[in-house]
Amino acid sequence: MTSLTINGKLITVNDVDMSTPLLWVLRDHLGLVGTKYGCGIAQCGACTVQLNGTPIRSCSVPLATASGQSVTTIEGLADETGKLHPLQQAWIDHDVPQCGYCQAGQIMSAAALLKKKPRPTDEDIDNAMSGNICRCGTYQRIRAAIHTAASKMEGTP
Amino acid sequence: MNMQHSNLSTVRANDDAQIHALMNQVLGETVTISRRAFFKHAGWAGAGLVLAFYVDEASAKTSNRDSNEQLFSPNAYLNIAPNGTITVYSKGPEIGQGIKTAFALIIAEELDADWQALRIEQAPIDQSLYGWQGAGGSTSIPNNWDVLRQAGAVTRFMLITAAANKWKVRVDECHTKNAVVYCSDGRSLSYGALANDAAKLAVPDAKTVKLKDRKEYALLGKRHSGVDNNKVVTGQSLFGIDTVLPNMQYAIYQKCPAFGGVVKAANLDEIRALAGVKDVFVLEGNGQATELLSGVAIIATSTWAAFKAKQQLQIEWDESRASKDNWQTFIQQASELAKQPGKENIADVGNVDDKIFDNAKKTTTSSFAAYYSYPFISHATLEPQNCTAWYHDGVMEIWAPTQNATQAIQQVAKLLDLAPEKIHIHQTRVGGGFGRRLMNDYVCEAAAIAKRVSVPVKLTWTREDDMAHDFYRVAGFHALRGALDDQGKLIAWDDHFITFTADGKKPISGGEMSADEFPGQLLPNFRLTQSLIQSGTPCGPLRAPRSNAVAFVVQSFIHELAVAAKRDHVEFLLDIMGQPRWLKPGNIRALNTGRAADVIRLAADKGEWNRSLPKGRARGIAFHFSHAGHVAIVVELSVSANKQLTVHHVTVAADVGLIINMSGAEAQAQGAVIDGLSNMFAQQITLQNGRVQQSNFDQYELLRMPHAPQVDVHFIQTEYNPTGLGEPALPPLIPAVCNAIFNATGERVRTLPLSKLGYTWT
Ligand code: FES
Ligand code: FES
């Protein structure tokens, strides 16, 4: 038995081997299926969540590491009233998703970037997002959506 | 289940025959089938009840929230509740091509519905209502264009009729906007208020109902965000892999790494004793890669428990009938074959030999030869293959991210000896299709496993399973010759195409070329011959099948000839097109040289073809026609002295007729460009002793954001009906890049991927 904070709530996890990757704890044990499995070896970024605000590949981080820490998943990105995070809204406004499978991971990486760099350059974005594969090729719109969200968050056009 | 004790080539031949039949079905599917379904169910009542059985519990509840509520359901594509809720049903799978949004837009346009208020649901899988339900060949839009417009227009006409009857006015005194019928005297009634009255009217013959003119369109052609985007960005359950059912268990299925190997023995007892493992058993399969190959299933309490147990699994395989394919051997076989004339003639027009070989004419003719090749590649959909199945009450209930649910029912029925009516498929959103999920092997596996256990089971393939058991884009080799006359005009073309075969007779799926292959019908002398290499590797359609490889070869070699002729590539291409004409008038899937020339000119114009660039930086252009789409692409890139590549800018010019959703259309073209770059840069599946040597994204690289160029897309919206855009923008990208590399460096790319030639990203 262990506990961790997920999307602001303290969660106790029973009967799960501490070596289980956080990804599968979220998906199979906690029913948070927004975080996706793509490769299992930290190559694709589909499983990206934030651990204490830092983007991590949850397929490659065991429950033991996350235990007692704070995890944010795509399900916890909107505020308590359900108002979308500016990135989520920008993703809709730019019609970013194609199949959509990678997008939770993309948004979680982007959210971590904006916390560190509120006005990222294209290069900052490329660097921060290079661990997230989009098989459908939505990169151009992801870039544009991050810029839009960044300017909204700063309150400047 | 019958175990087939036939040899590998028979098994693979059967498999391949199935894939061929499927592709014919996909490409041959005509509007008439959809029409029949439409008329058959014109007047179809009780849609709410029928749908409640299939559609996800949650949405069924809301769609049926008041069982006394009479729905106006004039056809299988939409219904209107008295409270004003309009629900439209998307018959096809959403695989990232934006079809759910596009289908709904077409209906909403003719219905004059309020787009923002529309409820858009996945339709149940029901061949009697919808005909074939799948996605392939960029056919969804052209095949459903008429029937969806009619579905909306007929409904709108009935609502107007109901209002006119009520007001005792003529129908032509009424008009509609945003789900309200207005009378010229100012009275108005909402569609909801008219639903009960409209439901009592006879459904008119769709042909008698006038459709809108293009200039009347309020929704089509504009930019619309995907209808499920909110769910995608908030991480709601949408995809097959997200399926969760009460008491569900989790499965993996291990097959032989060499195609067609059969389980001889396995450490089942050891596996059964592992933590979290509920069961483990061998399935014999029916020997078909498209359905069920021999393997071991592990059932566990979680995906991770199943994955972990899989790592402990030790299987002894009988590989006596398994594939022994070897990529290096294939390369040698192909180069031997290339030295000889092609074994089979596919096209032979004019006198190719006379133009290419005749020494006497050497003064007026120059001829050129080149040898091109490309590898097997894998689809690598980001959502690995998966499927959830539950066998209960004699019914096999399936939740599947498939591109081809209609055929999945037939396959599972045959495999498990169940009546097709006893198989219910819930179509989930699909995390990338690209042709991979036209095959239903993972659906068959999940169903076969579920038949053995009493609870719902979710089968998830690991990425490694996914890469090892694909239906690959077939590799190919081309020995080409071309001849120019003394004006530098292309006058002869000879392509000896070396591809693979499963049955020893015809090319494997994805390896067919036909007599009307570009530039065949445009040249006075054209020959296409073919030779086959036996293979046991499953192959199948991958985004723009055939064209995704052939365009690289053909459009690169055309550039070689333009260079040899010392002519501008754009002008050379336009010269090949000649006079504007439609090669098969009325056949939307045939090349129209006028449309081709227009997109070539537009790409050159928008891509600034004639503006000079600094050394090391260059542009390349290519055109290709596939899947009814005319597309030309200009690529601007730089190559450094040590072969570091930067793609700066890509300009796409396309004519696919009318655009339904501008945002979705641009996204498809942009995505195809990235897919093409990804495919040509580093992707290659190699085979050794029948096994795929790549296992995950570290060995099979997909393009990442730092290397993704800006892609600008321009459409010429000709008067033709809309055709699909999932595929045709991919093929010309690859030769456009190769031609630009030549223009930048003088090095001709005749084999892919680029990484094997020493190129790296900057
Ligand atoms: S699933 Fe974790 S990085 Fe791919
Ligand atoms: S949208 Fe399909 S993988 Fe990114």
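1. Over all chains the count comes to 51 salt bridges, a salt bridge being a side-chain nitrogen of Lys or Arg within 4 Å of a carboxyl oxygen of Asp or Glu. This is a predicted model, in which local features need pLDDT of at least 70 and side-chain atom pairs count only at pLDDT 80 or more, while totals for chains, interfaces and linings use all residues. Residues are numbered from 1 along each chain as its sequence is written, chains are lettered from A and ligands numbered from 1 in the order in which they are written, and side-chain values use heavy atoms, with hydrogens and water left out.

2. How many salt bridges are there between chain B and chain A? The count is 4. In one salt bridge the side chains of B:Lys308 and A:Asp17 meet at 3.7 Å, N to O. On the chain B side, B:Lys308 sits in helix α11 (residues 303–312); on the chain A side, A:Asp17 is in the loop between β2 (9–13) and α1 (22–29). Helices (H or I, at least four residues) and strands (E, at least two) are DSSP runs, numbered from the N terminus. The side chains of A:Arg135 and B:Asp675 also form a salt bridge, at 2.9 Å, N to O.

3. The contact between the chains (heavy atoms within 4.5 Å) takes 61 residues from chain B and 48 residues from chain A. Chain B and chain A bury about 4400 Å² between them, and 57% of it is on carbon and sulfur atoms. Buried area is the accessible area (1.4 Å probe) that two parts lose on being put together, summed over both. B:Val233, B:Leu382 and B:Met705 supply 19% of the area that chain B buries against chain A, which is more than any other three residues.

4. Chain A is assigned domain 1 (2–76) and domain 2 (86–153), with bounds that come from an automatic or database domain assignment. The centres of domain 1 and domain 2 of chain A, taken over C-alpha atoms, are 21 Å apart. In chain A, 16 residues of domain 1 are in contact with 13 residues of domain 2. These two domains of chain A bury about 1200 Å² between them, 55% of it on carbon and sulfur atoms.

5. Chain B is divided into domain 1 (16–220), domain 2 (246–321 + 382–468) and domain 3 (327–377 + 473–761). Contact between the domains takes 22 residues from domain 1 of chain B and 23 residues from domain 2 of chain B. The area buried between domain 1 and domain 2 of chain B is about 1800 Å², and carbon and sulfur atoms give 56% of it. Which three residues supply more than any other three of the area that domain 1 of chain B buries against domain 2 of chain B? They are B:Gln18, B:Ile95 and B:Ile125, with 31%. Between domain 1 and domain 2 of chain B the count is 0 salt bridges.

6. About 770 Å³ of space lies in the second largest pocket. On a 1 Å grid over the protein atoms alone, a cavity is a set of points where a 1.4 Å probe fits but cannot get out, and a pocket is an open set with protein on both sides within 12 Å along at least five of seven lines; lining residues have an atom within 4 Å of a point. Grid points are joined across faces, edges and corners, and a volume is the space filled by probe spheres set on the points.

7. The second largest pocket is lined by 29 residues, and B:Ser514, B:Asp516, B:Arg546, B:Arg589 and B:His627 lie nearest its centre. The most comes from α1(B), with 4 residues. The lining draws at least three residues from each of domain 1 and domain 3 of chain B. Its residues divide into 11 nonpolar, 12 polar and 6 charged; Ala, Val, Leu, Ile, Met, Phe, Trp, Tyr, Cys and Pro count as nonpolar, Asp, Glu, Lys and Arg as charged, and the others, Gly among them, as polar.

8. Most residues other than glycine have a negative phi, and most peptide bonds are trans. B:Lys168 has a positive phi of about 55° although it is not a glycine, and its place is the loop between α7 (140–167) and β5 (174–177) of chain B. The peptide bond from B:Phe518 to B:Pro519 is cis, with omega near 0°.
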